[in-house]
Amino acid sequence: MAEAFTNFLAGSPLNRLSWLRTSHSFLNAVVVSPTTRWILFNGGQPLVASHPGAQKRSLALLTTEDVKPLLGAGPFFGQCEQEEQVDISDAPVLQAARVRGPSIVFLGLKETETSASALPSSEFKDPHSAVAKLTGTPYFSADIADLDENKVNEAIENAQLAKDGSTLTFMEPRAAMSSLDVFTAAIFAEARSMVDWNQRNKFCPACGSPVYSLWAGWKLGCTSLLPWADNTDRKPCPSGRGLHNFAHPRTDPVVIMLAIDESGEKVLLGRNKKFPAQFYSALAGFVEPGESFEDAVKREMWEEAGVKVWNIRYHSGQPWPYPANLMLGYYVTADSSAPIRTDLDNELEDARWYTREEILAVIRHASGTRFSRRDYKKIAEIQDGPDNNPAPAKSQEEPVEIDTNDEPPFKIPAPTAIAGVLIQHWAEARGKVKLEVDASGTTAQAFSE
C-alpha cells in the first residue's frame, strides 16, 4: 500500500537539482528567468491569492520581478564582502553564499513532460547557455519576516497578480492548506520547512557567531569562517574542522498510529487537552534517539494511552511542514477490552474506542472533518506554541464559518492529514482487513487493496 499511495503534501513534482546548489553561476542565471516563480512567507505564513470571481484561494506564485525589491542588491548568490561583487574563487565557504539580504531557497525545477533529464553540473561551465536548454519552471522561496513592513506591502501591491485584480494576503498555513491543489501542496511543504529552518537558525551551534546562507539556502555556515572575518584573539570555530563544518536542514520523524482491535471493527482515538472541542485523532509522537520506528510506536501507545500493541504495519508517510516533520503512518493491533490509561504522560484528556459505524457517521457528516480558522490556530498552538507574529490582514474572501447548530458527536482530521487518511481508509475498508493465523497460532490483521 505504501508504495502505491501518496498523501497530500507528498509526491513533489520538482527535480530538486541538488548537485547544482553549489553553483552560483547556475543559480544567478536561473533566478532571473521569466518563468521562475516564488513562494513568499511571513513568519511561516504563506502568501495566498484570492482571485476575482473564483471560489477558492490559491498559493500566490510571484515572478522574480515582483520580489526583486525584497531581495537586496545583486548578485543573489555567490556574494562577497563588497556588494555587487560575485565570488570567483570557488572557495567552499562561498559556494552560492548569501551574506546579505533574506535567505533564499532554491526549491527545484518543474520540468515539462517532453523535457529531457536535467543537465549535469559539468554542463554549466557556460551557465546562461545551459539554462537556456532547461525547459520548465524553476521555484524559489523566501521568508520576509525580518524586512520592513512598508517595503513588503509595497512590493505585494505592485506584484502582477495584484495588478490583475487578485487580493494577496499572508495566511495561517494550516488553514491555507485547504486552498492548495496536489501540485502546489507538495511544493509548499518543501518551501515552508526550508524557510522555517533558515529563519530559526541564526547562530553557529559551535561558537555562537552569526551564520550565513550557503548552497541556495540548504546549508548554514559560521561567519567566523568567511575569508574577511576578523578572528583576532578568538579560538577557531570547531565547525571549520572535519565533516561537521556546516549545519544542515533537519527532518524530525513522527510515528502516528491507528490502533485496531482484534475484531477489526473498532479503533482507538485520543483527544489532546488543547484540541478544539470534540476533536479526536490517531495517537502520535516523535521518534527518540536510539529508537526504531517500531519501538517508537509501542512506546508512544503505552505512554499516551497505557495500551500494549503488536502486529505493526506501515501504511505511508507524509511530510508535515510544521516545521519539518515526517509523519510515518502505521496500523497496529490492540486489545479493546484492556483498560485505557491517560495518566502516564498526561498528554491526553481522553482516549476511547470507536466502532466503524460511529466513524463512518462522522465522515459522512458535513462538519465531521471541517474546522474553522480558530480551530486551526488552536491545533497549531499545540505544536508551535502561541503565535507571536502579528495577525495578517484579512482578505476580502473570508472562510465560511461552520454551522454549530448541527454538530457531529465528535470530529476527526481531514484527509489532508495522514491521521484522517488512516482513519478513513480503515472505516471505508479501502485497506481490506483479513484475519490471518501464523504458525504459532497468533491472529494478525493484514491490509491489502
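**First stop: a loop**

Select glutamate 83, which is placed in the loop between α2 (64-71) and β4 (104-111). The model on the screen is a predicted one.

Then move to alanine 96, another residue of the loop between α2 and β4. The phi of alanine 96 is near 50 degrees, a positive value in a residue that is not glycine. Is alanine 96 buried or exposed? Its relative accessibility is 0%, and it therefore counts as buried. As background to both selections, most residues other than glycine have a negative phi, and most peptide bonds are trans.

Select asparagine 311, which is found in strand β12. Asparagine 311 has a positive phi of about 55 degrees, although it is not a glycine. With a relative accessibility of 21%, asparagine 311 counts as partly exposed.

Next, select proline 323, in the loop between β12 (309-320) and β13 (325-334). The peptide bond from tyrosine 322 to proline 323 is cis, with omega near 0 degrees.

**Third stop: the whole protein**

Clear the selection and display the whole protein. How many helices and strands does the protein have? There are 11 helices and 16 strands. Of the 449 residues in the protein, 49% are buried. Among contacts with a separation of 6 or more, 72% are between residues 24 or more positions apart.

Select residues 182-200, which form helix α7. This helix has 19 residues and reaches 27 Å from its first C-alpha to its last, close to the 27 Å expected at 1.5 Å a residue. Helix α7 is mostly covered, with 15 of its 19 residues buried. Now look at the start of α7, where a side-chain oxygen of aspartate 181 comes to within 3.2 Å of the backbone nitrogen of phenylalanine 183.

Which residues touch the most other members of the largest nonpolar core? Select Leu258, Leu269 and Ile359, which hold this place among the 51 residues of the core. Helix α7 gives the most to this core, with 8 residues. Colour domain 1 (18-115 + 124-247) and domain 2 (252-384 + 408-429) separately: both give residues to the core, so the core lies between them. A second, separate core has 34 residues, including Leu27, Phe77, Leu109 and Val152. In soluble globular proteins, nonpolar side chains tend to be buried together.

Return to leucine 258 and show its contacts. Beyond its neighbours within four places in sequence, leucine 258 is in contact with Val267, Leu268, Leu269, Ala282, Tyr330, Tyr331, Val332, Leu422, Ile423 and Trp426.

Select arginine 356, in helix α9 (residues 356-364). Arginine 356 is buried, with a relative accessible area of 12%. Its contacts, leaving aside neighbours within four places in sequence, are Gly264, Glu265, Trp426, Ala427 and Ala429.

**Last stop: the cysteines**

A disulfide is a covalent bond between the sulfur atoms of two cysteines. How many disulfides does a search of the whole structure find? The search finds 0. Select cysteine 207, which is in no disulfide; the nearest cysteine sulfur belongs to cysteine 222 and is 3.5 Å away. Cysteine 207 is partly exposed, with a relative accessible area of 32%.

Finally, select cysteine 237. The closest cysteine sulfur to that of cysteine 237 is in cysteine 207, at 3.6 Å, which is too far for a bond. Cysteine 237 is buried, with a relative accessible area of 5%.

Note on methods
Residues are numbered from 1 along each chain as its sequence is written. This is a predicted model: local features need pLDDT of at least 70, side-chain atom pairs count only at pLDDT 80 or more; totals for chains, interfaces and linings use all residues. Side-chain values use heavy atoms; hydrogens and water are left out. Helices (H or I, at least four residues) and strands (E, at least two) are DSSP runs, numbered from the N terminus. The expected span of a helix is 1.5 Å times one less than its number of residues. Buried means under 20% relative accessible area, exposed over 50%, partly exposed in between (1.4 Å probe, protein chains only). A polar contact is a pair of N or O atoms within 3.5 Å; within protein, one must be able to donate a hydrogen and the other to accept it, and residues adjacent in sequence count only if both atoms are side-chain atoms. A disulfide is a pair of cysteine sulfur atoms within 2.5 Å. A nonpolar core is a set of buried Ala, Val, Leu, Ile, Met, Phe, Trp, Tyr and Cys residues joined through side-chain atoms within 4.5 Å. Domain bounds come from an automatic or database domain assignment. Contact means heavy atoms within 4.5 Å.
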